[in-house]
Amino acid sequence: MAHTAKRRSIFDPQIVRRASTDALAKLSPKVMMRNPVMFVVEIGSVLTTVLLIVNLATHRGHFRFDIQITLWLWFTVLFANFAEAMAEGRGKAQADALRLAKSETTAYLVGKNGVEEIPSSQLRAGDVVRVTAGQMIPGDGEVIEGVASVDESAITGESAPVIREAGGDRSAVTGGTRVLSDVITVRITSNPGETFLDRMIALVEGAERQKTPNEIALNILLAGLTIIFLLAVVTLQPFALYSGAPQTVFVLVSLLVCLIPTTIGGLLSAIGIAGMDRLVQHNVLATSGRAVEAAGDVNTLLLDKTGTITIGNRQASEFVPAPNVSPEKLADAAQLSSLPDETPEGRSIVVLAKEKYGLRGRELGQMNAEFVPFSATTRMSGIEVDGRSIRKGAVDAISRYLQEHGSQLPAAVRSAVEEIARSGGTPLVVAENDQALGVIHLKDVVKGGMRERFEQLRAMGIRTIMITGDNPLTAAAIAREAGVDDFLAEAKPKDKMDLIKREQGEGKLVAMTGDGTNDAPALAQADVGVAMNSGTQAAKEAGNMVDLDSNPTKLIEIVAIGKQLLMTRGALTTFSISNDVAKYFAIIPAMFAGVFPVLNALNIMHLHNAESAVLSAVIFNALIIVALIPLALRGVKYRPMSAAALLQRNLLVYGLGGIIVPFIGIKLIDMIIVAIHLA
Ligand SMILES: Nc1ncnc2c1ncn2[C@@H]1O[C@H](COP(=O)(O)OP(=O)(O)OP(=O)(O)O)[C@@H](O)[C@H]1O
Ligand SMILES: [K+]
Ligand SMILES: [Mg+2]
């Protein structure tokens, strides 16, 4: 669904049609007021319209000139509105497509007295539902039991099914997607009207868009310029009267509109919206425009290891017993401690114990067992049963656990751990009471193409750091294989956040990519926090962007889009301010050459007469907005280069271009309107 909208071009006829009507609706002063520059143009248009009518009634003025000026002033406002409406167009079309995915379904609510069928719109956060193969998932939630393959194409446009499972970092499911196989039990996490799909619709539609601090600052600057020119034009009239060349309101408004920065004023909001839209086209949803801009200046990228750099489906592949411990004993303890462990790691241990040692699942209910669940802070899990305390977990965690029981890790176990870690695997040490029983080898695989992508990030000047809860040896092996610049191992959730704070303290902008609940604090702290769509609800809520494709190197595109947004805004601001210069040369001689013939020296364009000069300048001023809409929407081309080189290039292309283009444009328009007898 989303991908039909995705393939739609910016200038799709349907979007153009809709934007044309939207441009009219945006004439409402309440909407216009948000854009000070264009609001001044609108007031000017109203003023000339009123005066045109008065002049008509009293037989004054020069109708043919006055009406053309009035019309072109209105066109100027409309063109700016059209630019904004065009930028919103693709998002609106996409929102329409997403609304179709929001259809009502039946939810199978799991209650005390069995399963009850209710309409999905009555689900509340906290409800538990069962979803079976073929059914639509009735709301956003977290899988609390089971594994299933899910078709998320309604949201991501990707047709390949994805795995969603309880316990791990792939537990989040989205309402409106479909379960393809198996059965899952889902705890609903959002109330009607506040779902991911609702938020996504509001986002792509731009309903929640707020101006970024940068945009607000630029708007203030543009408003300031507008006031200065307004004062200049107003004080011009007494001077004109004094010199015996009084000017009509039509000419004065024309002069004002030509002098104020209408080009950037008309395109500014379109540039911002188009940037957000480009992200959506890359399947990234940003909840804050500020994050998109920050992405353009990111210095450091932090990624977690498991599930981000690696596939993340860590599977137990081998039991390595300690000396004097039988493999069966290790397998038995490993299995027992994993029976209630709903993480993918825990489940894979039960599977391995069954496949290799024929150990069958046991009914824990009758055993008076107490489960110690895994947490990212303790980095271990286990069970208390029949006087046995079994723990499994990260090496450092279990070492500490053994020390607390007056014992320590045998050298043989330590070397088994190191061997597994050096191969990039995750060693889980198993201990019972005060004795280390051996090691479980969890295998994980680095995702394809990582090295090339990290090289690209390096070329963009971004340092990549992998942060993981895993041990330093495993971290080093994976870091080397994936090609990240640096890594931090044995990191607890708080360590991840502290590392970000430290980098920010050095004045750096930090991006973080992650999927787990243990990443949530860091995702919230980062300037750009990109959560994987496959990740946990906590991660998705903490970040300010969600990547629907769950691709950790998506940051390359995000950074490019952020840079492009900043560059486009800068380029068009430069162009706008410099292209106003030429209009002096058209209008000032036209106004005063009659009384001050020396001013004719300014008339280097040799425009036909005073009226054609003013009219040409106003027409050029309006048309340049339309001409630049494609650039504003597509963005200027981004190539990795230094900030200084970029500034130089922009000044040359858009500054110099901004000065030269209007001279040619105004002269051409002057020739055309003379040829067709409009002036
Ligand atoms: N179910 C589990 N039971 C016991 N220990 C576990 C379990 N799952 C993981 N561990 C251990 O805890 C460590 C930390 O896990 P955590 O999920 O915090 O980080 P990670 O997934 O290894 O790294 P990353 O932060 O890159 O995703 C793991 O490296 C592993 O040694
Ligand atoms: K202007
Ligand atoms: Mg993780």
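A residue counts as buried when its relative accessible area is under 20%, and Val233, at 7% relative accessibility, therefore falls in that class. The model described here is predicted. Its protein chain has 679 residues, of which 55% count as buried, and its secondary structure comes to 25 helices and 22 strands. Taken along the principal axes, the C-alpha atoms fill a box of roughly 110 × 55 × 35 Å.

**Domains and overall contacts**

- The domain assignment divides the protein chain into domain 1 (13–94 + 204–281 + 559–676), domain 2 (124–191), domain 3 (297–309 + 447–548) and domain 4 (313–441).
- Domain 2 and domain 3 have C-alpha centres that lie 26 Å apart, and the contact between these two domains involves 15 residues of domain 2 and 10 residues of domain 3.
- When contacts between residues at least 6 apart in sequence are considered, 71% of them join residues at least 24 apart.

**Nonpolar cores**

- In soluble globular proteins, nonpolar side chains tend to be buried together.
- In this model the largest nonpolar core has 120 residues, and the residues with the most contacts inside it are Leu267, Ile309, Val528 and Met545.
- Helix 24 (residues 610–634) supplies the largest share of this core, namely 14 residues, and the core draws at least three residues from each of domain 1 and domain 3.
- Leu267, one of the residues with the most contacts inside the core, is in contact with Ala83, Leu572, Ile625, Leu628, Ile629 and Ala632 once its neighbours within four places in sequence are left aside.
- Another core, of 37 residues, lies apart from the largest one and includes Leu352, Ala416, Val439 and Ile440.

**Val233 in helix 8**

- Val233 is found in helix 8, and, with residues up to four places away in sequence not counted, Val233 touches Leu252, Leu255, Leu256 and Leu259.

**Thr426 in strand 16**

- Thr426 lies in strand 16 (residues 426–432) and counts as buried because its relative accessibility is 5%.
- The side chain of Thr426 makes a polar contact, at 2.5 Å, with the side chain of Asp470.
- Beyond residues up to four places away in sequence, Thr426 touches Lys305, Arg314, Ile420, Ile440, His441, Leu442, Asp470 and Thr474; among these, Ile440 is also a member of the 37-residue core.

**Pocket and cavities**

- The second largest pocket has a volume of about 590 Å³, and, of the 25 residues that line it, Arg34, Glu84, Glu88, Ser269 and Ile273 are the closest to its centre.
- Two or more residues of this lining are given by each of helix 3 (29–32), helix 5 (63–101), helix 8 (213–242) and helix 10 (262–281), with helix 10 providing the largest share, 6 residues.
- A search of the whole structure finds 2 cavities of 30 Å³ or more, and the largest cavity holds about 60 Å³ of space.
- The lining of the largest cavity consists of Ile10, Met86, Ala87, Arg90, Ala274, Asp277, Arg278 and Leu633, and the elements that give two or more residues to this lining are helix 5 and helix 10.
- Helix 5 and helix 10 are also among the elements that give two or more residues to the lining of the second largest pocket.

**Loop residues with positive phi**

- Ser550 has a phi near 50 degrees, a positive value in a residue other than glycine, and its place is in the loop between strand 22 (545–547) and helix 22 (555–579).
- His606 counts as exposed because its relative accessibility is 60%, and the exposed class begins over 50%.

Key: Residues numbered from 1 in each chain as written. Chains lettered and ligands numbered in written order. Predicted model: local features only at pLDDT ≥ 70, side-chain atom pairs only at ≥ 80, totals over all residues. Heavy atoms only, no water. Helix = DSSP H or I, 4+ residues; strand = E, 2+ residues; numbered from the N terminus. Buried < 20%, exposed > 50% of the residue type's maximum accessible area, 1.4 Å probe, protein only. Polar contact = N/O pair within 3.5 Å; in protein donor to acceptor, adjacent residues only side chain to side chain. Contact = heavy atoms within 4.5 Å. Core = buried A, V, L, I, M, F, W, Y, C linked by side-chain atoms within 4.5 Å. Domains from an automatic or database assignment. 1 Å grid on protein atoms, 1.4 Å probe; cavity = no way out; pocket = protein on both sides within 12 Å on 5 of 7 lines; lining within 4 Å. Points joined across faces, edges and corners; volume = space filled by probe spheres on them.
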